[in-house]
Amino acid sequence: VGAAGSVSLSSVSGAVTGIGLKARSLECGSVSGDVHLSSLQVERLQVKSVSGNIEFQAVLARGGRYDLTSHSGDVRVILGSDTGFELDASTFSGSVRSDFPVTLRTDGGRGRDASTRTIRGSYGDASAILAVQTFSGTVVIGRK
């Protein structure tokens with residue numbers, strides 16, 4: 001697919017799949033279906049799902065911003081490069097795991113239980129921003 005300015009993908013009850021898209025900005029949304037995005041080249045990404053899982057596999061762009069939010073699904077981010085990123089990942093009732101060695105920011109007063117539900121920190125030069133939230137799912141930041 002050729003590069004586009006802004007692309008939007010959405011579904012109410014079906015899955016949303018995006019493979020090999022090149023765009024400056026991409027918005028994806030699903031009410032009750034999963035969202036699968038891979039081999040993307042985007043600088044800005046916003047993904048929202050109410051009751052579906054989100055899987056995002058890509059190389060982060062330096063200076064890019066990536067926001068992924070699910071209410072009751074898991075969120076998996078699989079990164080294929082060593083582009084540095086600022087990470088803000090959280091869940092209310094699941095867990096958060098990063099395969100990247102993230103330098104944590106101290107939030108002061110966080111309890112021991114909260115540390116498995118939130119990761120806020122940076123990896124490498126922190127040139128991209130990665131914000132990942134789910135209410136009742138698990139967050140995984142992994143390597144390809």
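Buried means under 20% relative accessible area, exposed over 50%, and partly exposed in between (1.4 Å probe, protein chains only). This is a predicted model: local features need pLDDT of at least 70, side-chain atom pairs count only at pLDDT 80 or more, and totals for chains, interfaces and linings use all residues. Residues are numbered from 1 along each chain as its sequence is written, and side-chain values use heavy atoms, with hydrogens and water left out.

**Exercise 1. Classify D82 and describe its salt bridge with R143.**

Step 1. Take the accessibility of D82. Its relative accessible area is 52%, so D82 is exposed.

Step 2. At 42%, R143 is partly exposed.

Step 3. Apply the salt-bridge test: a side-chain nitrogen of Lys or Arg within 4 Å of a carboxyl oxygen of Asp or Glu. R143 and D82 pass, at 3.1 Å from N to O.

Step 4. Strands (E, at least two residues) are DSSP runs, numbered from the N terminus. R143 sits in strand 13 (residues 139-143), and D82 in the loop between strand 7 (75-79) and strand 8 (85-91). The pair links distant parts of the chain, 61 residues apart.

**Exercise 2. Find how many salt bridges the structure holds, then work through D125–R62 and D99–R97.**

Step 1. The count is six.

Step 2. D125 and R62 meet through their side chains at 2.6 Å, N to O. D125 lies in the loop between strand 11 (118-123) and strand 12 (128-134), and R62 in the loop between strand 5 (54-58) and strand 6 (65-70), so the pair ties together parts 63 residues apart in sequence.

Step 3. D125 is partly exposed at 49%. R62 is exposed at 58%.

Step 4. Turn to D99 and R97. Their closest N and O atoms are 3.1 Å apart. D99 is partly exposed at 39%, and R97 is partly exposed at 43%.

**Exercise 3. Is S90 buried or exposed, and what does S90 contact?**

Step 1. S90 belongs to strand 8.

Step 2. Its relative accessible area is 15%, so S90 is buried.

Step 3. Contact means heavy atoms within 4.5 Å. Setting aside neighbours within four places in sequence, the partners of S90 include V96, R117, T118 and V139.

**Exercise 4. Describe the largest nonpolar core.**

Step 1. Such a core is a set of buried Ala, Val, Leu, Ile, Met, Phe, Trp, Tyr and Cys residues joined through side-chain atoms within 4.5 Å.

Step 2. The largest one has 33 residues. Those with the most contacts inside it are F56, L68, F85, L130 and I141. Strand 4 (residues 35-49) gives the most to this core, with six residues.

Step 3. Look at L68. Not counting residues up to four places away in sequence, L68 touches several residues, among them V47, F56, V77 and L130.

Methods
Helices (H or I, at least four residues) and strands (E, at least two) are DSSP runs, numbered from the N terminus.
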